[in-house]
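This briefing accompanies the structure shown below. It covers backbone geometry, helix packing and the arrangement of domains.

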Amino acid sequence: MVNVLVVGSGGREHALSWKLSQSELVDEVYVAPGNGGTSQNIPISVDDIDALANFAQEKSCFTVVGPEAPLANGLVDKFIEKGLAVFGPSKQAAQLESSKIWAKEFMKRNDIPTADFEIFDDAQKAKEFVSTYEKQVVIKADGLAAGKGVIVCSNNDEANDAIDKILVKKEFGDAGSKIIIEERVDGIEASYIALCDGQIGIPMATSQDHKRIYDDDKGPNTGGMGAYSPTPVIDDKLSNVIQEEIIAKTISSMSKEGIEFRGFLYAGIMIRDGKPYVLEYNVRMGDPECQPILMRLNSDLYKYLKASSEGKLNDLSEISWKDESAVCIVLASNGYPNSYPKGDEISGFDNIPQNSFVFHAGTKNDDGKIVSNGGRVLGVTALGSSLNDAINNAYNVAEKIHWENKYQRNDIGKKGLSYL
Ligand SMILES: Nc1ncnc2c1ncn2[C@@H]1O[C@H](COP(=O)(O)OP(=O)(O)O)[C@@H](O)[C@H]1O
Ligand SMILES: [Mg+2]
């Protein structure tokens, strides 16, 4: 038996710890710092790599890293140096997410399909480029910007504002010292996540996120307002194309460049005229995609994460998924993704049906009461025999849960139904 330390505090980390605790091989599951739904919380921040390493050493943990920031900060490298078992990509491999410019240049030199782009650090030159470019553009800050550093533009005025925001007003600090200006690709967006061990990548179940705050994909981008799995947007044929032309090629190209990619590789995909383009890479599970994906997983997650960290995914039997659909509805605080109140008491956690689970994200246990403590508060996740059933099951549970400033989208999964 082994102990596990999950690093992070969101819905994704609650789902990872929930699934890992079901493994026959796993004894205790600790979460640092965790949230109001995770049970053995360790009060260490995700930034305090030394303290996390000391804890992992003391309890002989296998460590699983949820979010991108500690990966970009070299948590995995530090743990390996100390001889600690850890799941996730190295700092070098995490550049696929931590520098969008690094990722775009990597894709270009390795012929991985992505939108055309140019790089700028000078606002005047960037604006001159926009004025002569004939297509609509998307402007992206290079570094990590908590999902706010990308501006999809409809005209030159919007593009010029975006350039000023990042390069002149420095709204993202150093993360915005350079920008990418890329062709806007309009199509259908989906998430493709594979578990990699440096040699191979095995696909996770497909999924689709809902990034905008309002129904029908209106309003500003958020961290994600809900997700479902599988998605009809990616059929078997397209899945094979993505697997070969994007996932396998990314792993082998990284390896050719001397970097082993171990961990979850997430390709944000735009499908235009049946052809997939990589919008970005993430080097970890998506949140909320993780919740519906793990609800559908039959296999022992611990075995897979361990094999990924050791370069041994080939030794495992084929991963197994439930045939059912799963839907996760994010319950957020009114005002998110901008400012929102915290500290509201949440009720309605009793009598959750067997086929459902309420994952916590921005919650805190305040002397036995669960209170809101973030923008995205809960991820109500349910299985169903079809996408439609899973949607209904999830909304039935979501209706039971109350707090003063609760907000949810009411159309999660609907865009999937239109492809069936
Ligand atoms: N080239 C593009 N064409 C059209 N939309 C895009 C493009 N690049 C990004 N987007 C949109 O912007 C969102 C955020 O961009 P992404 O590159 O995923 O950055 P991040 O998740 O770091 O904010 C995407 O989910 C997608 O909806
Ligand atoms: Mg993204």
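In this predicted model, P33 lies in strand β2, which spans residues 26-33. The peptide bond that leads from A32 into P33 is cis, with omega near -5°.

**Backbone geometry**

- A cis peptide bond also joins S229 to P230, with omega near -5°.
- P230 is located in a loop, the one between β14 (226-229) and α9 (236-256).
- S60 has a phi near 50°, which is a positive value in a residue other than glycine.
- The loop between α2 (49-58) and β3 (61-65) is where S60 is found.
- As background, a negative phi is found in most residues other than glycine, and most peptide bonds are trans.

**Helices α7 and α8**

- Helix α7 (residues 123-132) and helix α8 (residues 156-168) have axes that come within 10 Å and cross at roughly 160°.
- Because angles over 145 degrees count as roughly antiparallel, α7 is roughly antiparallel to α8.
- The crossing in which α7 passes α8 is right-handed.
- On the α7 side, the contact is formed by A123, A126, K127, V130 and S131.
- On the α8 side, N156, A159, N160, I163, D164, L167 and V168 take part.
- By class, the residues of this contact between α7 and α8 comprise seven nonpolar, three polar and two charged.

**Helices α1 and α11**

- Helix α1 (residues 11-20) packs with helix α11 (residues 301-310) at an angle of about 105°, and their axes are 8 Å apart.
- Since angles of 65 to 115 degrees count as roughly perpendicular, α1 and α11 are roughly perpendicular to each other.
- From α1, the residues L16, K19 and L20 meet L301, Y302 and L305 of α11.
- The contact of α1 with α11 contains five nonpolar residues, one charged residue and no polar residues.

- The protein is divided into domain 1 (2-87), domain 2 (122-177), domain 3 (188-315) and domain 4 (325-417).
- The centres of domain 1 and domain 4, taken over C-alpha atoms, are separated by 24 Å.
- In general, interface size is often expressed as the accessible area lost when the parts come together.

Terms used
Residues are numbered from 1 along each chain as its sequence is written. Chains are lettered from A and ligands numbered from 1 in the order in which they are written. This is a predicted model: local features need pLDDT of at least 70, side-chain atom pairs count only at pLDDT 80 or more; totals for chains, interfaces and linings use all residues. Side-chain values use heavy atoms; hydrogens and water are left out. Axes are lines fitted to C-alpha atoms, for helices over the stretch in contact, and angles run from 0 to 180 degrees between N-to-C directions. Helices (H or I, at least four residues) and strands (E, at least two) are DSSP runs, numbered from the N terminus. Angles under 35 degrees count as roughly parallel, over 145 as roughly antiparallel, 65 to 115 as roughly perpendicular and the rest as oblique. A crossing is left-handed if the near helix is turned anticlockwise from the far one by less than a right angle, and right-handed if clockwise. Contact means heavy atoms within 4.5 Å. Ala, Val, Leu, Ile, Met, Phe, Trp, Tyr, Cys and Pro count as nonpolar, Asp, Glu, Lys and Arg as charged, and the others, Gly among them, as polar. Domain bounds come from an automatic or database domain assignment.
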